[in-house]
Amino acid sequence: MALENLAHLDKQYLWHPFTPMSLWLQDDPLVIVAAEGMHLIDQHGKRYLDGVSSLWCNVHGHRVPEIDAAIEAQLKKVAHSTMLGLSNEPAVLLAERLMKIVPSNLKKVFYSDSGATATEVAFKIAAQYWFNKGEKNKNEFIGFAEAYHGDTFGAMSVGRTELFHRAYWPMLFKTHAAPIPRLAAPLGGRVPGEIYGSPRPPSGAAKQIRDDCLAKLETILQNNASRIAAICIEPMVQGAGGMIVQPEGFLSGVRELATKYNTLLIADEVAVGFGRTGKMFACEHENVQPDLMCVAKGITGGYLPLAATFATQEIFDAFLGQPWEGKTFYHGHTYTGNPLACAAALASLDLFEKNDLVKKVQEKSQQLAAMLNELRDLPHVAEIRQKGFMVGIELIEDKKSNRAFDAKRRVGAHVCKQIRKHGVLLRPLGDVVIVMPPLAMQVHDLSRVVKAIHTEIAQL
Ligand code: PLP
């Protein structure tokens, strides 16, 4: 089959996620047919730097010999076997390995397949934990404004986005929305902010906003604590909300309030976990120990679908009992703990260690911050937000009057499309251009990505 035909067949048969299909059908889609290192290669043989890590999951690049070899070796043993009533070798070895790197209070791991299933599992464990302990009314959740936890019903309930979820609102369960501290006001009334480096002490304004948000969270807890099963937070950075970096002390403040009001803390590390923010897990920035922690995306180095929800011993123990007591966690997915994915994850963790990758992210993210600084004075750059290898460049039509671009212009999408001409693939979030390179991307490639962004934003 001629590779050129793939685009035609795609348009004939496929329905793409998070994609306005009317626009897709008018366009000439790129179909990735191969990859090498930091590059993806399309049907015409053109190479692109993977500037968003194939939707925030790639860690070491593509076709990494060590991970390829680990999957091939596992393939020669067994590709898949269930975790329901059985176990498998890589799943066990990975669990042991993960326990050495997650916050030390977490003692058990429940596998699933995606970020959304990891958070869904956390919500169900939290609700059933209280149920099993006889607290049958403790089944409401606190989520944060602009949060995103996935696209299943529990995840949509706790992380509500009007544009994405309004059709389902009547079907979502009750949650309480706490404010998230951010220096710039949300779209429309924005003030140009500042680059967030890491680590960086909060300015006076950030402290004030942080304390106001914590006070509002405390009011929600005071009024509802007897019904709150858990607070769920994306630690340090809200990803899909547009790379909103939390001021220092916010995460630890949330932890303190969760403890004070006897509710669980769920850390959704799906986007920030596995080195993204310059620590293996973002909770480490503030030495926070969550009661439940969700990971996915980077766990396999971005190779195969795998997710995990970690729990404390105390939570796990609340599910013990005779089968007829109904304390069991009746939840599972067919491909949970898939051996190929677990083998890839083990090889990825070896590479983290061998290449001292988390430390390298800390160093390279300083260099990346310096490069991004060059964009600050461009007329349409309202704000640049960064934590480690997570960057959001917010575009605005007019800085003086804080006028946002008309959403119908899809300026973020336009800029990212133009950037492809430079051999760089990016995907925006509205008018925020996102840069999420694989953690192993070298400085010269980071520089190519930033230069392409500079050129195209300058031409707006
Ligand atoms: N949680 C967070 C913080 C995320 O950023 C995402 C995806 O971007 C998810 C959950 C959902 O992950 P998945 O797309 O693997 O279901």
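1. How far is the sulfur of Cys-57 from the closest cysteine sulfur, and in which residue does that closest sulfur lie? In this predicted model, the closest partner is the sulfur of Cys-342, at 16 Å, which is too far for a bond. Cys-57 itself counts as buried, since its relative accessibility is 15%, a value under the 20% limit for that class.

2. The other cysteine to consider here is Cys-232, whose sulfur has its closest cysteine sulfur in Cys-294, at a distance of 6.2 Å, and this too is too far for a bond. Cys-232 is buried, with a relative accessible area of 0%. A disulfide is a covalent bond between the sulfur atoms of two cysteines, and the search for such bonds over the whole structure finds 0 of them.

3. On the overall fold, the chain contains 15 helices and 16 strands. Its radius of gyration is 22 Å, which agrees with the value near 23 Å that a compact globule of 460 residues would have. The C-alpha trace spans about 65 × 55 × 45 Å along its principal axes. Among contacts with a separation of 6 or more, 71% are accounted for by residues 24 or more positions apart.

4. As for burial and surface, 53% of the 460 residues of the chain count as buried. The accessible surface of the chain comes to about 20,300 Å², and carbon and sulfur atoms hold 56% of that area.

5. The aromatic residues deserve a separate point, as the search of the whole structure finds 10 aromatic pairs. One of them joins Phe-110 and Phe-329, whose ring centres are 5.2 Å apart and whose planes meet at 70 degrees, so that the pair is edge-to-face. Because Phe-110 lies in strand S4 (residues 106–112) while Phe-329 lies in the loop between helix H11 (313–317) and helix H12 (339–354), the pair ties together parts that are 219 residues apart in sequence. With regard to accessibility, Phe-110 counts as partly exposed at 23%, whereas Phe-329 counts as buried at 15%. Phe-110 and Phe-329 also belong, together with Phe-319, to one aromatic cluster.

6. A further aromatic pair is formed by Phe-141 and Phe-173, with 5.9 Å from centre to centre and 45 degrees between the planes, a tilted arrangement. Here Phe-141 is placed in strand S5 (residues 140–144) and Phe-173 in the loop between helix H8 (162–165) and strand S6 (175–178), so this pair ties together parts that are 32 residues apart in sequence. Phe-141 counts as buried, at 3% relative accessibility, while Phe-173, at 33%, counts as partly exposed.

7. Aromatic rings also take part in contacts with charged side chains. The charged end of Lys-108 sits over the ring of Phe-316, at 4.3 Å from the ring centre. Likewise, the charged end of Lys-136 sits over the ring of Phe-131, at 4.8 Å from its centre.

8. Two residues call for a check of their backbone angles, given that most residues other than glycine have a negative phi. Met-243, although not a glycine, has a positive phi of about 60 degrees; Met-243 is placed in the loop between strand S8 (237–238) and strand S9 (244–245), and it counts as buried at 1% relative accessibility. Asn-262 also has a positive phi, near 55 degrees, and lies in the loop between helix H10 (250–260) and strand S10 (264–268), but Asn-262 is partly exposed, with a relative accessible area of 43%.

9. Which residues does Ser-348 touch, if those up to four places away in sequence are not counted? They are His-60, Ile-67, Gly-298, Ile-299, Thr-300 and Gly-301. Ser-348 has its place in helix H12, and with a relative accessibility of 0% it counts as buried.

10. At 44% relative accessibility, Asp-406 counts as partly exposed. Between Asp-406 and Lys-417 there are 18 Å in space, C-alpha to C-alpha, for a separation of 11 residues in sequence.

Technical notes:
Residues numbered from 1 in each chain as written. Predicted model: local features only at pLDDT ≥ 70, side-chain atom pairs only at ≥ 80, totals over all residues. Heavy atoms only, no water. Phe/Tyr/Trp six-rings, centres within 6.5 Å; stacked < 30°, edge-to-face > 60°. Helix = DSSP H or I, 4+ residues; strand = E, 2+ residues; numbered from the N terminus. Buried < 20%, exposed > 50% of the residue type's maximum accessible area, 1.4 Å probe, protein only. Lys NZ or Arg CZ within 6 Å of the ring centre and 35° of its normal. Rg over C-alpha atoms; globule rule 2.2 N^0.38 Å. Contact = heavy atoms within 4.5 Å. Areas by Shrake-Rupley, 256 points an atom, 1.4 Å probe, with all protein chains shown as cover. Disulfide = S-S within 2.5 Å.
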